[in-house]
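Subject: Structure for you to look at

Hi,

Here is the structure I said I would pass on. Please open it alongside this message and follow the residues as you read.

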Amino acid sequence: MKILFFTALMYCGYNLWAQNDTLVLKNNNRIVGEIKTMQNGVLGIETDYSDSDFKITWLEVVEVYGNQMFLITLKNGDRYNTTLKSVGAKGKVKLANSENGRVVNIQDIVFIKSVKSSFVSRLDASLSVGFNLTKSNNLRQLNVRSKIGYTANYWQLMGSYNSVRSKQDGSNEIHRTDANIRFTYFLKNDMLAIFNSEYLANDEQKIDFRLTNRLGFGNYFIHTNYLYFGAIAGLALNNERFSDDLATNRNSLEAFGSLELNLFDIKDFDLLTNIIAYPSITEKNRFRLDYKLDLKYDLPLDFFIKLGVTYNFDNQPVQDASKDDYVFQATFGWEL
């Protein structure tokens, strides 16, 4: 009985401590709970009196007191493991575990994540699925979109898998699959180094597989609680096999340059778009282009609706293959 009582006491004490983060809003309302994460300008906090996390626009917060350990990022790219405590005038936050207890403007903080010892606390994942069925020609189409990521103090590992499969009477099954693994190391002054491996299989362009490994460096030109905009450039090694009559194989070295824009201060909408250009170094006059656009609408209970467009262009395709291809996907999903 003593052991059970002691265990219960420790558990209650832990929950009281975990629920001891405090937010003060512009209207002087106070919210007490456990801060989970803040990214894309929205903070999530868990409370005892709500079934789901509160979502609060970060720009409405004027004071924050967090007793647990957080991984935070400032808009200039500096990263810290620290507790949070508002000091002095409203809008000032002390990073207790930084050098000399650095004090920053609250709006200079663009990312917060509660970091515990568990693996799951640093993990993010989402999965969405869509299905279309048309009586004419018995058309069936399945869409799958997924991503998973792990964030450490100074690096991030992200992966994604997207697939479209379409089948109808009187024609062969059509499929398009792309997958991506990306390792990012965060440098000073909001710069970053990346290694990215991409896979593509596409019937429309007769691509059995295309494996592209990219190594590059980049920088965020704008990194705020409204949006981020950045660029990356480097070299790419491209390995391809095609399903033409000759079963053509290509290996080439390319340069690449990319631009990415993420807008997230538009109510419950997020917009992410990026474009990557690949001028070839070893194949004369060859040029490739990849473009993506995702529009996401957040629903209650972490559900969402996502619309996505992907476009691929190659000015030197294999014989009888199309120079370009595009996919439009509408999916419904849930995120962790």
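Below is what I found in it, going from the whole chain down to single residues.

**The whole protein**

Please keep in mind that this is a predicted model. The protein has 1 helix and 21 strands. Along the principal axes, its C-alpha atoms fill a box of roughly 75 × 45 × 45 Å. Of the 336 residues, 41% are buried. If you take contacts between residues at least 6 apart in sequence, 48% of them join residues at least 24 apart.

**Aromatic rings**

I searched the whole structure for aromatic pairs, and there are 7. One of these joins tyrosine 220 and tyrosine 228: the ring centres are 5.3 Å apart and the planes stand at 75 degrees, so this pair is edge-to-face. Tyrosine 228 has a relative accessible area of 15%, so it is buried.

Another pair is made by phenylalanine 269 and tyrosine 297, and this one is tilted, with 4.8 Å from centre to centre and 45 degrees between the planes. Which strands does it link? Phenylalanine 269 belongs to strand β18 (residues 269-279) and tyrosine 297 to strand β19 (residues 287-298), so the pair links distant parts of the chain, 28 residues apart. Phenylalanine 269 is partly exposed, at 34% relative accessible area, and tyrosine 297 is partly exposed too, at 32%.

There is also an aromatic cluster, formed by Tyr150, Trp155 and Phe183.

**Charges over rings**

Two places are worth a look if you enjoy charged side chains next to aromatic ones. Arginine 214 lies over the face of phenylalanine 256, at 4.9 Å from the ring centre. Lysine 296 has its charged end over the ring of phenylalanine 304, 5.3 Å from the centre of that ring.

**Arginine 210**

Is arginine 210 buried or exposed? Its relative accessible area is 5%, and because buried means under 20%, arginine 210 is buried. You will find it in strand β15 (residues 207-223). Leaving aside neighbours within four places in sequence, arginine 210 is in contact with Glu198, Tyr199, Leu200, Asn238, Asn239, Glu240, Arg286, Arg288 and Asp314. The C-alpha atoms of arginine 210 and asparagine 249 are separated by 9.9 Å, and these two residues are 39 residues apart along the chain.

**Aspartate 302**

Aspartate 302 is in the loop between β19 and β20 (303-314). It counts as partly exposed, at 36% relative accessibility. Not counting residues up to four places away in sequence, aspartate 302 touches Lys55, Gly333, Trp334 and Glu335.

**Two asparagines and a glycine in loops**

Most residues other than glycine have a negative phi. Asparagine 28 has a positive phi of about 75 degrees, although it is not a glycine. Asparagine 28 is in the loop between β1 (21-25) and β2 (30-39), and at 52% relative accessibility it counts as exposed.

Asparagine 285 also has a positive phi, near 65 degrees. Its place is the loop between β18 and β19, the two strands that hold phenylalanine 269 and tyrosine 297. At 58% relative accessibility, asparagine 285 counts as exposed.

Finally, look at glycine 88, in the loop between β6 (79-86) and β7 (92-95). Glycine 88 is exposed, with a relative accessible area of 83%. The C-alpha atoms of glycine 88 and leucine 261 are separated by 35 Å, and the two are 173 residues apart along the chain.

Happy to go through any of this with you.

Best wishes

Terms used: Residues numbered from 1 in each chain as written. Predicted model: local features only at pLDDT ≥ 70, side-chain atom pairs only at ≥ 80, totals over all residues. Heavy atoms only, no water. Phe/Tyr/Trp six-rings, centres within 6.5 Å; stacked < 30°, edge-to-face > 60°. Buried < 20%, exposed > 50% of the residue type's maximum accessible area, 1.4 Å probe, protein only. Helix = DSSP H or I, 4+ residues; strand = E, 2+ residues; numbered from the N terminus. Lys NZ or Arg CZ within 6 Å of the ring centre and 35° of its normal. Contact = heavy atoms within 4.5 Å.
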